[in-house]
Amino acid sequence: MTVTPAAVIKDTSMLKQKEMIAGNYRKLETAVADGRKVAATFVPGNLNELIMCFDMLNNLPEINAIQNGLRKKTGGYIMEAEKRGHSEDVCTYVKADLGMIAKGNIGPDGQKLPDPDLLLLSYTGCFTFMKWFELLREHYKCETAMLHVPYQGDGRISKNMISYVVKQLREEVIPKLERVSGVKFDIDRLRENLARSARAEEDFVWVLESAKARPSPIDAYFGGVYYIGPIFTAFRGTEDATLYYQLLRAEIAERLAAGQGPVTPAGDMPAERYRLVVEGPPNWTSFRDFWKMFYEDGAVVVASTYTKVGGLYDQGFRHDPDHPLESLAEYCLGCYTNRNLPSRIDLIEQYMEEYQADGLLINSIKSCNSFSAGQLLVLREIERRTGKPSAFIESDLVDPRYFSPANIKNRLESYFQMVDQRRGGGKSVPARAA
Amino acid sequence: MSTTVTEIIARCQALFDDLNFTYAREWKAAVPGRIVVGYMPFYVPRELIHAAGGLPLGVLGGGEQLEVIQGDAYYQSYICRIPRSTIELGVTNRLDFVDAMLFPSICDVIRNLSGMWKIMFPKVKSRYFDVPQNFSDGVGGTFYIHELTELREMLAEASGHAVTDAAIRASIALYNENRALVREVYAFRARQPWKAPSAEVYLLMRAGMVLAVEEHSRMLREYLDAAAAADRPRRDNSRVVVTGAFCEQPPLNLIKSIELSGCYIVDDDFMLVNRWEQSDVSLDGDPVANLAEAYLHNSANTSAKYEPDLAQKGLYLVAAVKRTRAEGVIFASPSFCDPALLERPMLQRVLAAHDIPFIAFKYAENSGQMQPIREQAGTFADSIKLWSTP
């Protein structure tokens, strides 16, 4: 018997975003014919507002890896990269990207991606970025601009750090963007882009904070990865992104007013049984299956750290048109994985309290040391500080070999039982809603 | 009476085996007010620690001797071993006399360990020590001078007295002398590797992680004299450079196994901090600016450092091969080491373009099984002799 999969429910904002992403890929595909220059760059610390000042297109290798992961293409790409001498131990985003390039550089939507004219290396919160771009530079032999963003080792941003990043922008990054694009830098154009970013950031934060309500109208992890899409990638600072977040906010406001829970691929979530904070990126190759393990049990993620890798807007940061370069520097310095471990733990603790979470779940990613190294201490500390149960599961970003559904499901079920017991003081809890 | 190689190496071996760091404890206890500052690979400006009246103590993990029990509870299986054995050293009070810990910007694991140390050992001053990846004087240089100044202030606070320019200059002079001797040992080994076996040179350099610099320099001088005088048989070994081992250290047996398999190690990157600055740091003018200048323009290459010029990528390894007349390169990297393993394919392509043969394997600091290493290195040595020699 053939089973027809249920149609996935999509909100208007999701459709809008889908069109935005598809539109960017279309522009990339025709970039050479259209005479557009292309910058490849990373999500954390990305300088989209600046890139836009030079009429350049933005191609993000991480996003290509994610999109390919969602389409289950990355397994083959990773094996291709490993065949070419890349270690099985290193980041699978890198290998998925290099494997894709080795196999013809066909993008997630099936069209050839253009060679970048500039590699804009924003070295923010992840050592691997530096090597990744050296590997890409070796392949493309194109111009590379390196923006070294110092790490917040003491949990603060110093004037020295801001000054260092601004100087690099002024003396290295902007001159290279000018040279490659042939467009002169106009700081007023940057200010306009930043003003649009700040408007979108307001709406984005409102959406994230809506999860403080009971029931939460959003899932701030599985849904959250869609919500961060425009603001973390090639659209921050565009009119499209501003409109997207207005649209999203209106949709969430409606759900909030109606007392509805999040939208899932299977439709509206019937009942909220568990409120979780999640630390770590999701697995992309089995994203839907992973999400289903949560919503089927009534588990809603009310706050997540992964949705802060491209900026901690909920902690008050806004791009500031009055201080454009300083603001970009502060943005880069403030991304989640650029914060030291004590700051990360403080943030998670804050989320646990503000979002009235039942517990913390860590999805530890095999190939992401930036996130993963130290997570077992994070777990201990959060349990100690909050008295709430934590759980630890392991998977990978885009390597399907490291997603074990049975193991993860088992752990999650045990964890939900533990939450029930802790919440009920050891008493039995009501059966879940049908 | 002159000291023999055996005596010198026996002392180094004892220092290497001592995971309670008795020498450093006694050094600190000998004079009130002394401080000990631990640091992890690959580089910190030891001159500043010395100028603060401190002993820089290289913390290079627990090696093969240390049984890691508690440290494993802090890390997933897919993270390298050095952070877990370092935590083991910490939680078992082996580092309880250390006043401050420095964590250089080598990778995300060591970076995150800096934050873990702050939480786990709140009484110890812990600092993530950032170095610039921009090498312009006015950009990266200015940033780095500021970082060095902050470190100087932290050390002054720890030691209870100001770290003066004069003291820094005096320390730079001592470390210049030490680095020159280290370079001399390496050059001696490259000339006559049968007279300076790699396990000996390794232990000699490891001693520099623990000993006061003045004492280490004395030891290096004595070794150079003793090794030159020693009569040792010359074998028909292949000459190799070992690279990729700049953080988590290989077991001593691995180094011995490479040599036993028929390879003379004529260069390596085991302890880069010993020869980070490649010539003397200037003693004129502002000593902190001089340290920054040396870092930007006169320091070793490693995969934790960005190479701004594609044309220069990996050429330092080719230069090392030529300088030491090596016949091949062994990539020996710790499992799960992002810097070494991400860098490796790029370096291998550079070597291939220069017709330099290479092999690669991984290890952990507690790897016990050396037979596969010996077979691989032995086959490599044979293949060099058979196919590469004109």
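**Close-up views of the predicted model**

**View 1. Confidence along chain A.** In this predicted model, chain A averages a pLDDT of 94, with 95% of its residues scoring at least 70. For chain B, the mean pLDDT is 96, and 99% of residues reach 70 or more. The model as a whole scores ipTM 0.96 and pTM 0.96.

**View 2. The fold of chain A.** Chain A holds 18 helices and ten strands. Its radius of gyration is 21 Å, close to the 22 Å given by the globule rule for 434 residues, so chain A is as compact as a globular protein of that length. Along the principal axes, its C-alpha atoms fill a box of roughly 70 × 50 × 40 Å. Of the 434 residues in chain A, 58% are buried. Among contacts in chain A with a separation of 6 or more, 78% join residues 24 or more positions apart.

**View 3. The largest nonpolar core.** This core has 263 residues. The residues with the most contacts inside it are L121(A), V165(A), V277(A), V302(A) and V240(B). Helix α8 of chain A, residues 159–181, gives the most to the core, with nine residues. Domain 1 (12–186) and domain 2 (191–423) of chain A both contribute residues, so the core lies between them.

**View 4. Surroundings of V165(A).** V165(A) is one of the residues with the most contacts inside the core. Leaving aside residues up to four places away in sequence, V165(A) touches L147(A), V149(A), A329(A), C332(A) and L333(A).

Terms used: Residues numbered from 1 in each chain as written. Chains lettered and ligands numbered in written order. Predicted model: local features only at pLDDT ≥ 70, side-chain atom pairs only at ≥ 80, totals over all residues. pLDDT = per-residue confidence, 0-100. Helix = DSSP H or I, 4+ residues; strand = E, 2+ residues; numbered from the N terminus. Rg over C-alpha atoms; globule rule 2.2 N^0.38 Å. Buried ≥ 20, exposed ≤ 12 C-beta atoms within 10 Å, placed from the backbone. Contact = placed C-beta atoms within 7 Å. Core = buried A, V, L, I, M, F, W, Y, C linked by C-beta atoms within 7 Å. Domains from an automatic or database assignment.
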